[in-house]
Amino acid sequence: QVQLVESGGGLVQAGGSLRLSCAASGTFSRINTMGWYRQAPGKQRELVADITSGGRTKYADSVKGRFTISRDNAKNTVYLQMTSLKPEDTVVYYCNAGLTIDYRTVEVWGQGTLVTVSS
């Protein structure tokens with residue numbers, strides 16, 4: 001069974017920084033694109049940033065210049081470095097990954113980690 005385990009959420013003051021981590025574990029042959037999404041109550045889950053296996057990145061306009069996504073393929077881990085945090089960044093963040101299992105691509109989600117930014 002595969003899973004994504006997130007860590008690094010918490011409470012921070014506006015203007016501060018946090019780093020989220022997400023590690024994939026289980027049996028799979030390859031990790032394709034990994035990403036971070038967030039979802040506010042009553043709203044759809046939205047892409048924050050993602051990164052391909054080759055290192056190509058994509059960001060939501062709202063986080064460009066403030067957040068940086070990276071990955072360590074040796075550790076099967078993706079990171080989200082968040083700086084200049086704003087109260088509107090307060091939300092649950094979810095890790096996502098496309099894993100190749102038995103020649104099929106399976107999309108897996110983490111359990112979510114709460115980030116709270118106080119003003």
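The model is a predicted one, in which local features need pLDDT of at least 70, side-chain atom pairs count only at pLDDT 80 or more, and totals for chains, interfaces and linings use all residues. Residues are numbered from 1 along each chain as its sequence is written, and side-chain values use heavy atoms, with hydrogens and water left out.

Rings of Phe, Tyr and Trp (its six-membered ring) are taken to pair if their centres lie within 6.5 Å; planes under 30 degrees apart count as stacked, over 60 as edge-to-face and the rest as tilted. This rule gives 1 aromatic pair. The ring centres of Tyr-37 and Trp-109 are 5.0 Å apart and their planes stand at 65 degrees, so the pair is edge-to-face. Tyr-37 belongs to strand E4 (residues 30-39) and Trp-109 to strand E10 (residues 104-109), so that the pair links distant parts of the chain, 72 residues apart. Strands (E, at least two residues) and helices (H or I, at least four) are DSSP runs, numbered from the N terminus.

Trp-109 is partly exposed, with a relative accessible area of 32%; buried means under 20% relative accessible area, exposed over 50%, and partly exposed in between (1.4 Å probe, protein chains only). Arg-45 lies over the face of Trp-109, at 4.6 Å from the ring centre. Arg-45 also lies over the face of Tyr-94, at 3.7 Å from the ring centre. A charge sits over a ring if NZ of Lys or CZ of Arg is within 6 Å of the ring centre and within 35 degrees of the ring normal.

Strand E10 also contains Thr-105, which is exposed at a relative accessible area of 58%. Leaving aside neighbours within four places in sequence, Thr-105 is in contact (heavy atoms within 4.5 Å) with Asn-32, Gly-98, Leu-99 and Thr-100. Thr-105 and Arg-30 are 75 residues apart in sequence, yet 9.1 Å apart in space, C-alpha to C-alpha.

The loop between strand E9 (91-101) and E10 holds Asp-102, and Tyr-103 lies in the loop between E9 and E10 as well. Asp-102 has a positive phi, near 50 degrees, in a residue other than glycine. Tyr-103, not a glycine either, has a positive phi of about 70 degrees. Asp-102 counts as exposed at 63% relative accessibility, and Tyr-103 counts as exposed at 83%.

Another loop, between strand E5 (46-51) and strand E6 (57-59), contains Thr-52. Thr-52 counts as buried, at 17% relative accessibility. Not counting residues up to four places away in sequence, Thr-52 touches Asn-32, Thr-33 and Arg-71. Between Thr-52 and Ala-97 there are 9.8 Å in space, C-alpha to C-alpha, although they are 45 residues apart in sequence.

The largest pocket is lined by 13 residues, of which Arg-38, Ala-40, Lys-43, Glu-46 and Glu-88 lie nearest its centre. By class, this lining of the largest pocket has 7 charged residues (Asp, Glu, Lys and Arg), alongside 4 polar and 2 nonpolar ones.

Notes. On a 1 Å grid over the protein atoms alone, a cavity is a set of points where a 1.4 Å probe fits but cannot get out, and a pocket is an open set with protein on both sides within 12 Å along at least five of seven lines; lining residues have an atom within 4 Å of a point.
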